[in-house]
Amino acid sequence: MQKKESVRNILATARFLLPSLTPAEKRVAEFVLASPREVSRMSLQKLAKRCECGEATVVRLCRTIGLSGYTQFKEQLAVQLLNPPAKDAEVKLSASHGMEEILESVFELNILNLRKTLEVAAVEEYEKACEVIAGTGKICFFAIGDAAFPCSYASLRFRRIGYDCFADSDADIQIVNACNMKKGDVAIAISHSGRTKQVVEAMRIARERGAFTICITKAGKSELTKYSDVVLYNVTTDSTVDKEIIARRVAEQAMLDAIYMGVLRRMEGDSYERLQEVSDNLKVNKIADRQ
């Protein structure tokens, strides 16, 4: 059966990447966002002339969005215009609300963030990450503060199917782990800003040692993305008291869960047997002492 080609949400991705684009790329992106139907009927030459830039700038923007070129850009834009995504309602969360309102707002906020992150998801990048992880035996996670929570959870899941995982919360130990990486290993880092010094340094070292590097971030272009072979974007809405920290971690955990399931799909049948064996043995910790 032929594999169905994924359709990228071009407008959502362009809007998300806007702050990290060059001035010329930004002119093109802003025109696309303002007049998508007009752009869908324009040639490469005409769009470049309209935005007062070179054709190479338009092609570069297409590739930044994750497409092969302007032809694919127009094709996927046309598909998106035929099936526009529903607009998300703004979610406000405040401690002054009643419990019912808080409960509803918290759930809606997380659903909104997951939906927005899914809109800019580059399926081929997730596929690449899963393919490399399926062929490795060692994974190191790099994150600081509460970003370490989804890493710790993912580490536990991967360890259950036979991987050697390292998800230490101490920044110094993370650097040590990075120094011990080699070709064939995989490093996964989380930094929402893309500028977390310790995380960037660990990834730089890991890549220098030959490891394959994957990052989860909101930064379109940053020091972290410079050292990452695969970049996965997390889009969250800054409407909580603590500046979206909880919301972003939910999205990051979902992204790592998707990678885990993609890896599991690629593994041989004995991996499922190993997973079942581990699950069966863990039951001893969940049975109440009847003595």
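**Pockets, sheet and cores**

Analyst: To begin, the second largest pocket has a volume of about 420 Å³. The model is a predicted one.

User: Which residues that line the second largest pocket are the closest to its centre?

Analyst: The lining of this pocket draws two or more residues from each of helix H1 (10-17), helix H5 (55-65), helix H8 (123-134) and S5. The lining counts 26 residues. Closest to the centre are Arg63, Thr64, Gly66, Val231 and Tyr233.

User: Are Val231 and Tyr233 of S5 buried or exposed?

Analyst: S5 is covered on both faces. Val230 and Leu232 are on one side, with Val231 and Tyr233 on the other. The state given for these four residues is buried.

User: In what order do the strands of the open sheet lie?

Analyst: The chain has 14 helices and 5 strands. The open sheet is formed by 5 strands, and the pairing is parallel. Their order is S2-S1-S3-S4-S5.

User: Which strands stand at the edges of the sheet?

Analyst: An edge strand has a single partner strand, so one side of it is left without a neighbour in the sheet. From one strand to the next, the twist averages 15 degrees. The strands at the edges are S2 (164-166) and S5 (230-233).

User: Which residue in S5 is the bridge partner of Cys215?

Analyst: Strand S4 covers residues 212-217, and S4 pairs with S5 in the parallel sense over 4 bridges. In S5, the partner of Cys215 is Val231.

User: How far apart in space are Val186 and Cys140, C-alpha to C-alpha?

Analyst: Val186 lies in strand S3 (residues 186-190). Leaving aside neighbours within four places in sequence, the contacts of Val186 include Ile139, Cys140, Phe212 and Ile214. Along the sequence, Val186 and Cys140 are 46 residues apart. In space, the C-alpha to C-alpha distance is 6.4 Å.

User: Which residues have the most contacts inside the largest nonpolar core?

Analyst: Of the 291 residues of the chain, 46% count as buried. The largest nonpolar core has 50 residues. Those with the most contacts inside this core are Val39, Leu47, Val58, Tyr70, Phe73 and Phe142.

User: With which residues is Leu47 in contact, leaving aside its neighbours within four places in sequence?

Analyst: Leu47 is one of the residues with the most contacts inside the largest nonpolar core. Beyond its neighbours within four places in sequence, Leu47 is in contact with Val28, Phe31, Val39, Met42, Val58 and Tyr70.

User: Which helix gives the largest share of the lining of the largest cavity?

Analyst: The structure holds 1 cavity of 30 Å³ or more, and about 30 Å³ of space lies in the largest cavity. Its lining is made by Phe141, Ala143, Ala148, Cys151, Ser152, Ala167, Asp168 and Gln174. The largest share, 3 residues, comes from helix H9 (residues 148-160).

User: Phi of Glu52 has a positive value; what is it near?

Analyst: Glu52 lies in the loop between helix H4 (44-50) and H5. Glu52 counts as exposed, at 66% relative accessibility. This residue is other than glycine, and its phi is near 55 degrees.

How values were computed: Residues are numbered from 1 along each chain as its sequence is written. This is a predicted model: local features need pLDDT of at least 70, side-chain atom pairs count only at pLDDT 80 or more; totals for chains, interfaces and linings use all residues. Side-chain values use heavy atoms; hydrogens and water are left out. A nonpolar core is a set of buried Ala, Val, Leu, Ile, Met, Phe, Trp, Tyr and Cys residues joined through side-chain atoms within 4.5 Å. Buried means under 20% relative accessible area, exposed over 50%, partly exposed in between (1.4 Å probe, protein chains only). Contact means heavy atoms within 4.5 Å. Two strands pair if DSSP finds at least two bridges between them. Axes are lines fitted to C-alpha atoms, for helices over the stretch in contact, and angles run from 0 to 180 degrees between N-to-C directions. On a 1 Å grid over the protein atoms alone, a cavity is a set of points where a 1.4 Å probe fits but cannot get out, and a pocket is an open set with protein on both sides within 12 Å along at least five of seven lines; lining residues have an atom within 4 Å of a point. Grid points are joined across faces, edges and corners, and a volume is the space filled by probe spheres set on the points.
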